[in-house]
Amino acid sequence: MRVDIISIFPEYFAPLDVSLMGKARDRGILDIRLHQLRDWTRDIHKTVDDTPYGGGPGMVMKPDIWGEAIDAVVAQGQPEGDVSVLPRMIVPTPSGRPFTQEVALDYAREPWLLFTPARYEGIDSRVMAEYGSRLRVDEVSIGDYVLAGGEAAVLVIVEAVGRLLPGVLGNACSVSDDSFAPGAMANLLEGPVYTKPPVWRGHEVPEILLSGHHGKIARWRRDEAFRRTLDKRPELLARLDSGTLDAHDRRVLEELERKASGDAFRAGPEDMAN
């Protein structure tokens with residue numbers, strides 16, 4: 001996969017040289033190319049922003065600079081000028097659609113991604129209008145909060161996508177067991193995990209995990225996924241596809257929800273005294 005990133009802080013992406021992403025780059029699985037946006041400016045100060053029309057605080061990134069940068073990067077990536085080869089352009093923004101594991105899997109199928117992280121108040125909206133008619137443009141949010149710039153969001157997205165590429169993870173099955181993974185783990189959180197020693201500071205590893213019975217272990221892990229999801233992200237359970245649940249799943253969910261409901265309405269000692 002080729003990944004191009006245009007930014008005024010290309011040095012921000014040094015973490016992509018280490019760990020799994022660094023190894024993927026060394027192996028040629030990920031071809032990440034960084035571009036300094038200021039290289040396309042023409043003034044002595046290398047200005048990339050200006051005041052917003054209509055007034056208001058902050059600055060807006062200029063469309064002419066971004067347009068020249070995107071055009072140049074797209075042209076560089078087209079083999080022998082083949083204009084039919086185009087990247088999928090991803091614009092990190094709090095106003096975009098939520099970035100999820102399903103979106104990461106979608107991006108992992110792409111041969112070429114182009115990221116355009118903004119600073120200040122964002123990129124002039126005409127850039128998205130212009131390239132929305134020429135490329136597939138996705139405005140994507142990694143959460144309901146605002147960062148100083150889109151570079152951190154790009155790091156999140158590239159790592160989430162990069163680890164899904166064939167050959168990046170040592171065990172390809174890890175992907176299917178991830179929280180939120182499509183299939184059995186859709187809308188579920190992964191349950192607790194353990195390793196040696198079997199007893200640590202008085203805390204024991206659940207006996208089932210030492211049994212060697214793979215079927216029962218798989219069932220326990222799924223039950224724990226339901227338990228953890230109900231405890232930490234109960235709203236996810238409402239999104240479960242009932243068609244993917246077996247009789248045991250339904251029974252476990254009913255028991256967990258009944259217990260949770262009972263705990264919620266059980267009065268504490270101080271309430272009973274009052």
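Two strands pair if DSSP finds at least two bridges between them. Helices (H or I, at least four residues) and strands (E, at least two) are DSSP runs, numbered from the N terminus. Residues are numbered from 1 along each chain as its sequence is written. The model is predicted, so local features need pLDDT of at least 70 and side-chain atom pairs pLDDT 80 or more, while totals for chains, interfaces and linings use all residues; side-chain values use heavy atoms, without hydrogens or water.

**Stop 1: the sheet**

Select strand S1 (residues 2-7) and S2. Six bridges join the two, which run parallel. Pick Ser7: its bridge partner in S2 is Gln36.

Now widen the selection. The open sheet has five strands, in the order S2-S1-S6-S5-S7, with parallel pairing. Strand S2 (31-36) and S7 are the edges, each pairing on one side only. On average, neighbouring strands are turned by 30 degrees against each other, direction ignored.

**Stop 2**

Contact means heavy atoms within 4.5 Å. Axes are lines fitted to C-alpha atoms, for helices over the stretch in contact, and angles run from 0 to 180 degrees between N-to-C directions.

Next, helix H4 (residues 125-132). H4 also packs on the sheet, touching S5 and S7. Its direction makes about 140 degrees with that of S7.

**Stop 3: where the helices meet**

Show H2 and H4 together. Their axes come within 9 Å and cross at roughly 35 degrees. The crossing is right-handed, that is, the near helix is turned clockwise from the far one by less than a right angle. Display side chains here: Pro63, Trp66, Gly67, Ile70 and Asp71 in H2 meet Arg126, Val127 and Tyr131 in H4.

**Stop 4: the annotated loop**

Gly143 lies in the loop between strand S7 (136-141) and helix H5 (151-162). Is Gly143 buried or exposed? Gly143 is buried, because its relative accessible area is 16% (buried is under 20%, exposed over 50%, partly exposed in between; 1.4 Å probe, protein chains only).

Tyr145 sits in the loop between S7 and H5. At 42% relative accessibility, Tyr145 is partly exposed. Its side chain reaches the backbone oxygen of Ile142 at 3.4 Å.

Conventions
A polar contact is a pair of N or O atoms within 3.5 Å; within protein, one must be able to donate a hydrogen and the other to accept it, and residues adjacent in sequence count only if both atoms are side-chain atoms.
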